[in-house]
Amino acid sequence: GLNLAYEKESPGVRLTTSVGASGGLVAQMGNGAPYDVFLSADLEFARSLVRSGKARAASLTPFAVGRLVLWTVKQGVAVSDVAALVRSPAVRAIAIANTDSAPYGRAAMQALTSLGIWAEAQPKLVTAENVSQATQFVETGNADAGFVALSAVLSPRLKGRGVWAEVPTRLYAPIVQTAVVTSRGEANPEAARYVAFLRGDAAGAVLRSLGYGLPEPGR
């Protein structure tokens, strides 16, 4: 959606996208992978590119805020109350992304900690490598419910499947999606234009429709 909107604004420009775990993409760029712009759900990965000299700090641009939801496809499982779900005897497995390396996993841990039920929840938690895998665990029934991204449950493939409830944002630190122009991208004027586009109205409308919040002005 974002790329189509950009290409509409910039006739003649065609974007090529590679999707993968942020850590893996950073490693690829360290080995010379030809990316002009890097987008990450974890600000720290973008900063690591800056520290390694593969990107400039001045180009770091927050452009969206991820939203955490609790989702299930199982009948009879209520997700509106996180603590009640954790304590429900009917819920034996709750998917969570890796709390050390995945932003949505870290956010879920923060939410459970804020509610005072992190220790209580741990016996039921099924750890996934990332939020995409956590979503798969719920979708396939390997988990009774899971902490996933709002953007996933609103995607065309999953929209309308099961039920979800947004985890109150006051319970976890913002999941800030960040863009940065790589050192290679500095030679391509379109790279900086694309990053600027991400903070514009057209991109904002697309991001909101995909289930993201927008950074506060000035951030």
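Student: In which helix is the place of M29?
Tutor: The model is a predicted one. Helix 2 covers residues 22–30. The place of M29 is in helix 2.

Student: Is M29 buried or exposed?
Tutor: The relative accessible area of M29 is 5%. Buried means under 20% relative accessible area. With its 5%, M29 is therefore buried.

Student: Which residues is M29 in contact with, leaving aside its neighbours within four places in sequence?
Tutor: M29 is a residue of helix 2, and M29 also takes part in the contact of helix 2 with helix 3. M29 and K54 are 25 residues apart in sequence, yet their C-alpha atoms are 7.6 Å apart in space. Once neighbours within four places in sequence are set aside, the contacts of M29 are Y35, F38, L49, K54 and T182.

Student: Is A27 buried, partly exposed or exposed?
Tutor: A27 is found in helix 2. Buried means under 20% relative accessible area and exposed means over 50%. The relative accessibility of A27 is 42%, so A27 counts as partly exposed.

Student: How many nonpolar, polar and charged residues does the contact of helix 2 with helix 3 have?
Tutor: Helix 2 passes helix 3 in a right-handed crossing. By class, the contact has four nonpolar, three polar and no charged residues.

Student: Which helices do the buried residues of helix 1 pack against?
Tutor: Helix 1 spans residues 2–9. In helix 1, L2, A5, Y6 and E7 are buried. The buried residues of helix 1 pack against helix 9 and helix 10.

Student: Is helix 1 roughly parallel or roughly antiparallel to helix 10?
Tutor: Helix 1 and helix 10 (residues 201–209) pack with their axes 9 Å apart, at an angle of about 160°. Angles over 145 degrees count as roughly antiparallel. The relation of helix 1 to helix 10 is therefore roughly antiparallel.

Student: How many charged residues does the contact of helix 1 with helix 10 have?
Tutor: Helix 1 passes helix 10 in a right-handed crossing. The contact is made by L2, A5 and E9 of helix 1 and by A202, A203, V206 and L207 of helix 10. By class there are six nonpolar residues, no polar ones and, as for charged residues, one.

Student: Which residues form one aromatic cluster?
Tutor: Y6 and Y194 form an edge-to-face pair, 5.1 Å centre to centre with 80° between the planes, and this pair links helix 1 to helix 9 (residues 189–197). Y6 and F197 also form an edge-to-face pair, 5.1 Å centre to centre with 65° between the planes. Y6 lies in helix 1 and F197 in helix 9, so the pair ties together parts that are 191 residues apart in sequence. One aromatic cluster is formed by Y6, Y194 and F197.

Notes:
Residues are numbered from 1 along each chain as its sequence is written. This is a predicted model: local features need pLDDT of at least 70, side-chain atom pairs count only at pLDDT 80 or more; totals for chains, interfaces and linings use all residues. Side-chain values use heavy atoms; hydrogens and water are left out. Axes are lines fitted to C-alpha atoms, for helices over the stretch in contact, and angles run from 0 to 180 degrees between N-to-C directions. Helices (H or I, at least four residues) and strands (E, at least two) are DSSP runs, numbered from the N terminus. Angles under 35 degrees count as roughly parallel, over 145 as roughly antiparallel, 65 to 115 as roughly perpendicular and the rest as oblique. A crossing is left-handed if the near helix is turned anticlockwise from the far one by less than a right angle, and right-handed if clockwise. Contact means heavy atoms within 4.5 Å. Ala, Val, Leu, Ile, Met, Phe, Trp, Tyr, Cys and Pro count as nonpolar, Asp, Glu, Lys and Arg as charged, and the others, Gly among them, as polar. Rings of Phe, Tyr and Trp (its six-membered ring) pair if their centres lie within 6.5 Å; planes under 30 degrees apart count as stacked, over 60 as edge-to-face and the rest as tilted. Buried means under 20% relative accessible area, exposed over 50%, partly exposed in between (1.4 Å probe, protein chains only).
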